[in-house]
Amino acid sequence: MKTKGIHHISSMVGDAQQDVDFYASVLAYRMVKKTLNYDDKTMYHLYYGNHDATSGLVTTFPMNFTHQGIVGSGQLGIAGFGLRSENFDFWKKRLKDFGIETEEYTRFNRRRLSFDDPDGLELELIETDKGQKNEWSFNGVESDQAIIGIESSLLYSKKPRETLYLLTEIMGYEIINENPDYYLLKIHDELGGILELAKRAPGRGIPGVGTVHHIAFAVENDEIEDWHEKLKMAGYRPTEVKNRNYFQSLYFRESGGILFEFATEGPGMLIDEDLENLGEKLITPPHFREEERALLPEIQVRTIDEL
């Protein structure tokens, strides 16, 4: 068995409307699902993706009530989105127009545009020719300019060699390049098949607003129980398989301190909304009462010209 690349990246953020304004309006990454958090009815779980939610997803947990986190070891450090090379100048100008500072540089022969979201999450736009066109257009971003989807991520492990063993010997990644600071790993040649792993652990990460909660890797629908057994046999302590409605999941903390999730590819985001109306209604998980949604502040996807 092999994992199948990045399924989603879930982060802790602050104000819910600010989160929507940034991801759905500034980045024009479509909100494809809006639910109550499966484990906490007092907060949203927001999902963003391409036009039909088939790309890797960004999901966020808005939580105004918690402290600011610090990005560091034991966490995912940077989430990278794929972008066509001809759109770099458009996105440099767009982010500048919204008051967002960027830095352009090259690593592993690919041009990147680095910036932070409003809560301090570190993001990159990375040139790629992978992935199908994102047909979504919104708030000044046409589909020809749109972000394609999640391309890669950078992991900050407390024990890089042990994390590397998990990725290569258990999950199926292979090292395809390296430099003095990073390993470059690949699971497949499609969008979302790349990982980078820092060779030296940075300062200790502190969970909180502005940090990634976990990274999820896609697995075949009928292999999730097999992965549970394989991880146990390898000495990890995975949770039981959990029903997340749109996929089945298990979680475990790997030796370097990063929380990993393995998530099935299906049944997917279209089981309770049609394609045209993805993300428009608030979905209440079945174990919560419908009236509990009243605890949450109103949010909306809207056109904006400033943050």
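Which residues form a negative surface patch? In this predicted model, the patch is made up of Asp222, Glu225, Asp226 and Glu229. Of these residues, Glu225 sits in helix α4, which spans residues 224–233. With a relative accessible area of 48%, Glu225 is partly exposed.

Turning to salt bridges, the count for the model is 21. One of them pairs Asp39 with Arg244, with 3.1 Å between the closest N and O atoms. This pair links distant parts of the chain, 205 residues apart: Asp39 belongs to the loop between β2 (30–37) and β3 (40–49), and Arg244 to the loop between β14 (242–243) and β15 (247–253). Asp39 is exposed, at 59% relative accessible area, whereas Arg244 is buried, at 11%.

A network of salt bridges links Lys92, Glu104, Arg111 and Glu127. Within this group, Arg111 forms a salt bridge with Glu104, the closest N and O atoms lying 3.4 Å apart. Arg111 is partly exposed, with a relative accessible area of 24%, and Glu104 is likewise partly exposed, at 34%. Arg111 also meets the side chain of Glu127 in a salt bridge of 3.8 Å, N to O. Because Glu127 lies in strand β8 (residues 122–127) and Arg111 in strand β7 (residues 110–116), the pair ties together parts that are 16 residues apart in sequence. Glu127 counts as buried, at 18% relative accessibility.

Thr163, in helix α3 (residues 160–170), is buried, with a relative accessible area of 0%. Its side chain is joined to that of Glu254 by a polar contact of 2.6 Å.

Technical notes
Residues numbered from 1 in each chain as written. Predicted model: local features only at pLDDT ≥ 70, side-chain atom pairs only at ≥ 80, totals over all residues. Heavy atoms only, no water. Patch = residues over 30% accessible without salt bridge, like charges linked within 9 Å, V, L, I, M, F, W, Y side chains within 5 Å. Areas by Shrake-Rupley, 256 points an atom, 1.4 Å probe, with all protein chains shown as cover. Salt bridge = Lys/Arg side-chain N within 4 Å of Asp/Glu carboxyl O. Lys, Arg positive; Asp, Glu negative; His and termini not counted. Charge placed at Lys NZ, Arg CZ, Asp CG, Glu CD. Helix = DSSP H or I, 4+ residues; strand = E, 2+ residues; numbered from the N terminus. Buried < 20%, exposed > 50% of the residue type's maximum accessible area, 1.4 Å probe, protein only. Polar contact = N/O pair within 3.5 Å; in protein donor to acceptor, adjacent residues only side chain to side chain.
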